[in-house]
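Student: I would like to learn how to read a fold from its model. Can we go through one together?

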Amino acid sequence: MPSSAATAAEAGKSVVDHELLELVSALVCVLRQGNVVFINQAGVKVLGLGSQADAIGAAFVEFVETDYRFLVEAGWELLAEEEFLPLKLMRRDGTLFEAEIRVRLIPGPEEMFLLEARDISKFVKSAEALREREERLQGVLASVAEGIITVDERGLIETANPAAERMFGHGKGKLAGQHISLLMGPELRDQHDDQFTQYLSGSSKLMGRSVESMGYRADGSRFPMEISVSELRYGKGRLFTGILRDISERKENEERIKRLAHHDTLTGLPNRNLLNDRISHALARVRRHGGRMAVLYVDLDKFKPINDTLGHEAGDAVLREVARRLNNCVRSSDTVSRVGGDEFVVVVEEIGRPGEAAMVARKIIETLGTPIVYQGHDCQVGASIGIAVFPDDGNTMDEVSKAADVAMYRVKHSGRNGYCFYSGTVPADEIDLAEAPAGG
């Protein structure tokens, strides 16, 4: 008399041609009332069985991991309504693996089901690894200080990391879908569109290089930025990745260094280097357009006693105030420079007659006549001023500067706190403006 297992197997074979099912590389079995009546050799291998007989007659739920058995217990007819169902199966040795099953009702007088299961462990691991890599990548993108965006061929932003959103003052996810020109400002958008067109045509040489531009925040404020663009091809399409850096601090440092190289650290006035540059440009303009310019060499009187009696802090405070007052005596086109401890040079551009330089000198002497108060002490200084005029007193910067220096020493030796011209050829109608000393 045949065993029950043999009977079940025969029933399974009678319903489905097992020779065809043996050709399938995935686990395939036939279930009746939840019990296995047929399983192919691939299924035997997948479940780690010794032979088909080890599964025949067994409830298939025994091969399902405990936490997933509720799905099977809900009824095979319900599972047959699903296209694919992920769950965990258990091999004979107790090891688990990720599987994807598909259940179909077999037409016939008895309610029987055809179950197909595929081992998707490798795919799940790959997906998990991909997800982990994606999470790590997102973590990196979220932590870097540089803004990173991706832009499609239409110029639309696809992604922007948190640093880019903070840099431009936009909320989370608000940059996606926006045109890249939103970040460039209205006056640069046409230029950017031209550059982007060049990128697409392949005629641009900026790809992979760092360029400087101006960025616009959501509130309308601007900041200098550095942009590096690279291209990513996928299929027939292209994406552009932009790395954006806010270089405001770097620009401020560069400007500070540049200023320190050309300005006096105590008073903020141009130093001798910048003065020489200003005089050279002024001389070039006078030679080109005609007219005159004047150089006034200003040496303070009675400054040393302030340092000796009140200290260097008092002297520094006086020098800063003198610088402020000298600036108030000239036009914005003129230059006031500190060239020594208590020595200043004033360049007066585009004068019609030497008397205009004399007017500036008298104004300086007058403004310095008011004492400078430092911590309750009245600090009184004066000024000995020598004036040289181009082209009357020299044809070069050095000649004019030396002439003004010589004129200043004449004032020092003739009573101080006054001014005089290097040349004695001041027109008669301006003699009243060119007398020296001017009091004291």
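Tutor: We begin with the whole protein, then turn to a sheet and to one residue. Keep in mind that this model is predicted.

Student: How many helices and strands are there in the protein?

Tutor: The protein has 14 helices and 17 strands. Of its 440 residues, 42% count as buried. The accessible surface comes to about 24,000 Å². Carbon and sulfur atoms hold 51% of that surface.

Student: What share of the contacts with a separation of 6 or more joins residues 24 or more positions apart?

Tutor: Such pairs account for 51% of those contacts.

Student: Now the sheet. What is the order of the strands in the open sheet of 5 strands?

Tutor: The general idea comes before the case. Strands of a sheet pair through backbone hydrogen bonds, either parallel or antiparallel. Here the order is β2-β1-β5-β4-β3, and the pairing is antiparallel. The edge strands are β2 (35–39) and β3 (85–90), each of which pairs on one side only. On average, neighbouring strands of this sheet are turned by 40° against each other, direction ignored.

Student: How many bridges join β4 to β5?

Tutor: There are 8 bridges between β4 (residues 96–106) and β5 (residues 112–119), and the two strands run antiparallel. For a landmark, find Leu-105: it stands opposite Phe-113 in β5.

Student: And how many bridges join β3 to β4?

Tutor: That antiparallel pair has 6 bridges. Leu-89 has Phe-97 in β4 as its bridge partner. β3 and β4 form a hairpin, with 5 residues between them. Look in the turn for Gly-94, which has a positive phi of about 95°.

Student: Let us finish with one residue. Where is Ser-248 found?

Tutor: Ser-248 is in helix α9, which covers residues 248–262.

Student: Why does Ser-248 count as buried?

Tutor: Compare its relative accessible area with the cut-off. Buried means under 20%. Ser-248 has 18%, so it is buried.

Student: Which residues does Ser-248 touch, not counting those up to four places away in sequence?

Tutor: Ser-248 touches Phe-223 and Pro-224. Look also at its side chain: a polar contact of 2.6 Å joins it to the side chain of Asp-246.

How values were computed
Residues are numbered from 1 along each chain as its sequence is written. This is a predicted model: local features need pLDDT of at least 70, side-chain atom pairs count only at pLDDT 80 or more; totals for chains, interfaces and linings use all residues. Side-chain values use heavy atoms; hydrogens and water are left out. Two strands pair if DSSP finds at least two bridges between them. Helices (H or I, at least four residues) and strands (E, at least two) are DSSP runs, numbered from the N terminus. Axes are lines fitted to C-alpha atoms, for helices over the stretch in contact, and angles run from 0 to 180 degrees between N-to-C directions. Buried means under 20% relative accessible area, exposed over 50%, partly exposed in between (1.4 Å probe, protein chains only). Contact means heavy atoms within 4.5 Å. Accessible areas come from the Shrake-Rupley method with a 1.4 Å probe; for residues, only the protein chains shown count as cover. A polar contact is a pair of N or O atoms within 3.5 Å; within protein, one must be able to donate a hydrogen and the other to accept it, and residues adjacent in sequence count only if both atoms are side-chain atoms.
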